[in-house]
Amino acid sequence: MGPTASGKTALAVSLVERFPLEIISVDSALVYRGMDIGTAKPDAATRARAPHHLLDIREPTEVYSAAAFCDDARRLMRDIVARGKVPLLVGGTMLYFRALLNGLDDLPRADAALRKQLETEAASRGWPALHAELARVDPPTAARLSPNDSQRIGRALEIFRLTGTPMSALLDQPQMALPYRVLQLALIPSDRAVLHQRIATRFEAMLAEGLIDEMQKLRRMPGLSADLPAMRAVGYRQAWAYLDGDIDLKGLREQGLAATRQLAKRQLTWLRSWPDAVTLDSLASDLETQAFSWVGHHLASDAGSEST
C-alpha cells in the first residue's frame, strides 16, 4: 500500500522476481481499458516481467465498485493459492484494501433517487457545502475527503441518509475475515517534498506521453460522460475540462498537480492510522532489502498455512 508515485509497482515487480508471488492490482482506475497514460498503468515490458491481475477489465463507461473488487480479488486469491503461489496485492485505493480486510457487507447499495437528490443539492449549494454537512455527521470520513470529491462525499452522505449511521462506523464493524495470514506493508515517504517532486515529474511525463490525446480518444467513446467514475480520476477530470475549454494548459498542469497531491495526502491519511501495517520509508536506499526481509520471513513462518 502507498500513495501515488511512491514506487509501489517497482517494488512489487522486484518481489515477484524474488518470491513465488502473483500481483493483484488494487487500483480503481487501472481497471479501465484505454486509460493507460493518466493512470501510470504498468507497460507491456513490466507486465511481461510480472503479470498483473485486475487491469483492463472494464470499459470507462462502466462502473466498478469496492464490492466488485472484493469479489474479484477473493476469487483470484483462491486461484493463485491453488497454483501454489501467494497473492501480492498492490495499489493505492485504500477503500478497496479496507473493504477486502474488513468487508462491506453492511453498506447499503446505491439508491438512484437519493443520489439524484444529492446531485441536485450539490448543483444548488456546491459540493463543499455537502462536505461540511458530512463533517457534522461523519467527521472521520469527511477528514480524508477533499471538499470537491463529489463521488465519495455523495456516497458517504447517501449511506448516512439511508441508514442513519456514519459510513466510518459501518466500516469499523467486524466482517468476514480473510482466510489468510496477511502481511501489510505501507510505503510512506519520509520527505513529503520528494514525493511532491516525483508527482510533478510524473505528471509532466504523462502530458509529454500524450495524456490529452488519450483523453480525446476516450471522449469519442459512445456513452462516456464527465460524471462517470472513470472520468473523475485525477488527471482525466482536468484533461476533460481542458478539452471543454474550461481551463488552459497552464490550468491543466496546476489543477492536475494539485489534485494528485491531494490524492496522495488522502492516501497518507489512511495509511498513518492503518492498523497492523508495517511502515517502510519509500525513499530509503535499502527499501528493497527491507521488503525482501519482511516478505521472506512472512512466507517462511507457518509454512503449512495459507499466506498473503
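Mentor: Before we start, a word on naming: a helix here is a DSSP run of H or I with at least four residues, a strand is a run of E with at least two, and both are numbered from the N terminus. Keep in mind too that this is a predicted model. As an example of the naming, helix α5 covers residues 112–125, and because Glu121 and Arg125 are four residues apart in it, they are separated by about one helical turn. These two residues form a salt bridge, with 3.3 Å between the closest N and O atoms; Glu121 is buried at 18% relative accessible area, whereas Arg125, at 42%, is partly exposed.

Six of the six residues of β1 are buried, so the strand is largely enclosed by the rest of the structure. In a regular strand the side chains alternate between the two faces of the sheet. You can follow this in β1, where Leu21, Ile23 and Ser25 point one way while Glu22, Ile24 and Val26 point the other way.

Now look at the strands beside it. β1 pairs with β3 in the parallel sense over six bridges, and Leu21 stands opposite Val86 of β3. Strand β2, residues 52–53, also runs parallel to β1 and is joined to it by two bridges, with Ile23 standing opposite His52. Between β1 and β2 the chain passes through helix α2, residues 44–49, and the three elements make a right-handed β-α-β unit.

Lys41 counts as buried because its relative accessibility is 9%, a value under the 20% cut-off, while Asp56, at 23%, counts as partly exposed. Asp56 also forms a salt bridge with Arg47, the closest N and O atoms being 3.3 Å apart, and Arg47 is partly exposed, with a relative accessible area of 26%. Together with Asp36, the residues Lys41, Arg47 and Asp56 are linked in a network of salt bridges; a search of the whole structure finds 17 salt bridges.

Helix α4 is another neighbour of the strand. The buried residues of this helix, which spans residues 94–102, include Met94, Tyr96 and Phe97, and the elements that its buried residues pack against are β1, α3, β3, α9 and α13. Just after α4, Gly103 takes a positive phi of about 90°. Tyr96 also belongs to one aromatic cluster with Tyr64 and Phe69.

A search of the whole structure finds four aromatic pairs. In one of these pairs, the ring centres of Phe19 and Phe292 lie 5.9 Å apart and the ring planes are at 85°, so the pair is edge-to-face. Because Phe19 lies in the loop between α1 and β1 and Phe292 in helix α14, the pair ties together parts that are 273 residues apart in sequence. Both Phe19 and Phe292 are buried.

Note on methods:
Residues are numbered from 1 along each chain as its sequence is written. This is a predicted model: local features need pLDDT of at least 70, side-chain atom pairs count only at pLDDT 80 or more; totals for chains, interfaces and linings use all residues. Side-chain values use heavy atoms; hydrogens and water are left out. Buried means under 20% relative accessible area, exposed over 50%, partly exposed in between (1.4 Å probe, protein chains only). Contact means heavy atoms within 4.5 Å. Rings of Phe, Tyr and Trp (its six-membered ring) pair if their centres lie within 6.5 Å; planes under 30 degrees apart count as stacked, over 60 as edge-to-face and the rest as tilted. Two strands pair if DSSP finds at least two bridges between them. A crossover is right-handed if, with the strands pointing away from the viewer, the path from the first strand over the helix to the second runs clockwise. A salt bridge is a side-chain nitrogen of Lys or Arg within 4 Å of a carboxyl oxygen of Asp or Glu.
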